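Welcome! Here is a short tour of a protein model, starting with the overall build and ending with one residue.

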Amino acid sequence: MSVLLTGAAGFIGSHLTERLLESGSEVVGLDNFDDFYDRSIKERNLTIARDSDVFELIEGDIRDASALASLPGHVDTVVHLAALAGVRPSIERPAEYNSVNVDGTVSLLEFARERGIKRFVFGSSSSVYGNNEKVPFSEADPVDHPISPYAATKKAGELTCHTYHHLHEMGMVCLRFFTVYGPRQRPDLAIHKFARLIRDGRALPMFGDGTTQRDYTYFEDILQGIEGALRFLGDHPERYEVINLGESQTISLQEMIRTVSEAMGMRPEIERLPMQPGDVVRTYADISKARDLLGYDPCTSFDAGVKKFVEWFEKEGVS
């Protein structure tokens, strides 16, 4: 298998690159090293991958037709993880998020159509569920009421993938990731941000009363799900599926803060703030479909995952 992996230098992408290389796949990584966070972090993420003879990195934007045209002709699979991420920044920059996440996805789908590529995995998000009152969230639930531009772009991506599946007989799996964490997590995400603030003796911003809940998913479980999606498309190239990848358990904000601070052996100061626009009350994945179709079996408890993250954080000294 020869995989074009967009967002290859990011948190999930860099780990997936290494996993694919270990399994014997060739990987062409495409990343534009967006300045959402420091480039040096992404460069460090690729340290292991760069040692492989079957890894090639192309620096470019998914919306750039010339960058896509320069990609090697032997690619037979696309895993599309590149995106502008983050709910709150999307409220401030909705046009940019739409351009990257929607137009960029169309560009990748056009690339796949022109090259005759029939396997396409799209990284979607649990944010598409909005404030869904029914729990756990099922793929059959209506997702017509996103509450942030980011969520809307991810839903648009899923719909566009379905259109290309229908018109061009491309096998598609759209994976809805639920709050992924672990080593190399983006520095703006809560667990990483809170660990940094705790280390520096600064107050943690707690939005709301601390009862909001997230289905935190350890990155290795996400990788297992992506690999399952690739196997599924190998066996069922005619299918289009939307599939949740989570742990199917919820952790409150208060519990998350307690778990991170205990793993670091420090007691944090809390700054209580009002809920932020675009934030959902809870996320909670029904993963029965992932179990049935992908053989998905998440196995990392939140306590264990946070301890592994803190070990990495303290060793790397990430700023």
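A residue is called buried when its relative accessible area is under 20%, exposed when it is over 50%, and partly exposed in between, using a 1.4 Å probe and protein chains only. The model is predicted: local features need pLDDT of at least 70, side-chain atom pairs count only at pLDDT 80 or more, and totals for chains, interfaces and linings use all residues. Residues are numbered from 1 along each chain as its sequence is written, and side-chain values use heavy atoms, without hydrogens or water.

The protein has eleven helices and 13 strands; these are DSSP runs, with helices (H or I) of at least four residues and strands (E) of at least two, numbered from the N terminus. Its radius of gyration, 19 Å, is close to the 20 Å from the globule rule for 319 residues, so the protein is as compact as a globular protein of that length. That radius is taken over C-alpha atoms, and the rule is 2.2 Å times the number of residues to the power 0.38.

Now to the residue, Ala152:

| Item | Value |
|---|---|
| Helix holding Ala152 | H6, residues 149-168 |
| Relative accessibility of Ala152 | 33%, partly exposed |
| Ala152 to Tyr97, C-alpha to C-alpha | 9.6 Å in space, 55 residues in sequence |
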